[in-house]
Amino acid sequence: MFTELLTDVADFELHELEAALAQLGRPTFHARQIFQWIYRRGVSDFALMTDLPRDLRTELPRRFRIGVPQVVGRERSADGTTKVLIELVDGKRIESVCIPDSPGDTFCLSTQVGCAMRCAFCLTGKMGIDRNLSAGEIVGQVLALAGILGLFDRRFNIVLMGMGEPLHNYDATMKALRILANDHGFGLSPRRVTLSTVGVLPALERLATESFMPNLAISLHSTTEAQRDLLVPINRKYGIEELLDTCRRFPLKRRQRITFEYVMLAGVNDTPEDAKRLARLLNGIQAKVNLLPLNEAAGIPFERPSDEAVNRFAEILADRGVTVSVRKSRGRDIRAACGQLITESSRTPTPGKQLAMLM
Ligand code: SAH
């Protein structure tokens with residue numbers, strides 16, 4: 001049977017699964033049972049869902065599949081970070097990362113195969129965009145990671161900081177978060193989720209109206225329009241000024257802050273003047289800054305600044321009352337750190353595509 005043609009249950013919100021069951025003439029409470037099996041107990045085989053009627057257990061796999069994507073590679077860093085290579089039903093590949101931490105581990109999820117944003121220092125950007133992930137494929141990364149690491153009964157955090165731009169795949173990303181939040185499933189709280197974005201403004205405005213409101217991280221990386229145009233090309237469309245304006249209006253809870261990520265490139269954006277400008281730009285925003293010293297990679301035409309340069313930059317911000325942290329890069333030895341996720345698909349390209357690649 002071509003299971004990949006079946007509807008993926010991981011793509012369903014609870015009410016959608018209830019509707020699907022109702023259509024089969026079944027009581028809707030089975031949807032809650034199925035959610036509990038999948039998300040609380042990590043069971044992805046209908047046959048093992050022992051509190052479902054026997055005939056339903058045989059009927060379901062004829063109509064649905066449970067989208068736990070295949071883990072085809074797994075690497076563990078010296079610091080405990082695990083990166084998994086995941087193969088999707090169409091052979092496309094993505095990477096997801098689990099960063100061990102207490103009280104809860106952090107799962108770093110991808111939202112797209114590749115990325116369209118083409119930030120100048122990011123390896124994923126070099127791939128270009130292949131396609132969006134479905135909500136089920138985003139949720140499926142959690143199922144896969146929790147499954148192989150035995151983490152089903154534990155709390156975890158989610159950062160949407162893997163491959164792709166979450167606000168460029170808005171509907172699937174938000175749907176995935178709603179599925180993960182469901183009380184009969186993982187019951188994930190929005191406080192445990194951080195969405196990182198380059199600032200796709202229309203989508204950011206939409207996010208401001210959501211009921212499930214994750215923490216927000218903005219990939220700023222530069223303090224002048226001209227430089228950000230080059231480093232983060234979407235700036236040509238939605239510039240710093242507009243972006244910060246939107247951030248100023250973004251609804252925040254008490255004591256909640258927007259994180260501004262700032263990748264540090266030696267001799268490019270790491271000078272004391274940059275730090276001072278950054279402090280000025282963030283004036284009036286409930287902000288904190290996360291400095292990301294560049295993770296270097298072949299093909300990335302920038303260098304990582306010295307620790308002294310990073311510290312000096314951080315001090316200038318701190319002196320001006322800006323809360324600042326320096327991101328510890330986890331998993332650099334297995335290329336699992338920020339901006340280092342890149343994959344090739346397993347299937348050979350179609351003749352048309354091959355031709356296009358030769359041209
Ligand atoms: N597209 C989203 C989600 C990716 S998050 C976004 O850009 O926010 C990944 C974070 O790592 C982003 O802040 C990104 O700019 C940063 N990053 C990319 N390449 C990097 C590199 N080589 N070194 C350090 N950080 C990098």
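Is His221 buried or exposed? His221 is buried, with a relative accessible area of 5%; buried means under 20%, exposed over 50% and partly exposed in between, for a 1.4 Å probe and protein chains only. Before going further, note that this is a predicted model, where local features need pLDDT of at least 70 and side-chain atom pairs count only at pLDDT 80 or more, while totals for chains, interfaces and linings use all residues. Residues are numbered from 1 along each chain as its sequence is written, and side-chain values use heavy atoms, with hydrogens and water left out.

**Around His221**

You'll find His221 in the loop between strand E11 (215-219) and helix H8 (225-231). Helices (H or I, at least four residues) and strands (E, at least two) are DSSP runs, numbered from the N terminus. Setting aside residues up to four places away in sequence, His221 touches Phe121, Leu231, Val232, Glu261, Tyr262, Val263 and Asn269. Here contact means heavy atoms within 4.5 Å.

Two of those partners are worth a visit. Glu261 sits in strand E12 (residues 258-264) and is buried, with a relative accessible area of 3%. Its contacts, again not counting residues up to four places away in sequence, include Met161, Ser196, His221, Asn290 and Arg327.

Then there's Phe121. Beyond its neighbours within four places in sequence, Phe121 is in contact with His221, Leu231, Val232, Val263, Leu265, Leu294, Ile300 and Phe302. Along with Ile34 and Phe260, Phe121 touches the most other members of the largest nonpolar core, which has 114 residues. A nonpolar core is a set of buried Ala, Val, Leu, Ile, Met, Phe, Trp, Tyr and Cys residues joined through side-chain atoms within 4.5 Å.

**Helices that pack**

Two packed helices are described by the angle between their axes and the distance between the axes. Axes are lines fitted to C-alpha atoms, for helices over the stretch in contact, and angles run from 0 to 180 degrees between N-to-C directions.

| Pair | Angle | Axis distance |
|---|---|---|
| H1 (residues 14-23) and H2 (residues 29-40) | about 130 degrees | 8 Å apart |
| H5 (residues 135-149) and H6 (residues 170-181) | roughly 45 degrees | within 8 Å |
| H10 (residues 272-281) and H11 | roughly 30 degrees | within 9 Å |

Between H5 and H6, Ala135, Ile138, Val139 and Val142 in H5 meet Ala172, Thr173, Lys175, Ala176, Ile179 and Leu180 in H6. By class, that's 8 nonpolar, 1 polar and 1 charged.

Over at H10, Pro272, Asp274, Ala275, Lys276, Leu278 and Ala279 meet Arg312, Phe313, Ile316 and Leu317 in H11. This contact has 7 nonpolar, no polar and 3 charged residues.

Glu315 is found in helix H11 (residues 307-319). Glu315 is exposed, with a relative accessible area of 51%. The C-alpha atoms of Glu315 and Pro272 are separated by 9.6 Å, although these residues are 43 residues apart along the chain.

Definitions and conventions
Ala, Val, Leu, Ile, Met, Phe, Trp, Tyr, Cys and Pro count as nonpolar, Asp, Glu, Lys and Arg as charged, and the others, Gly among them, as polar.
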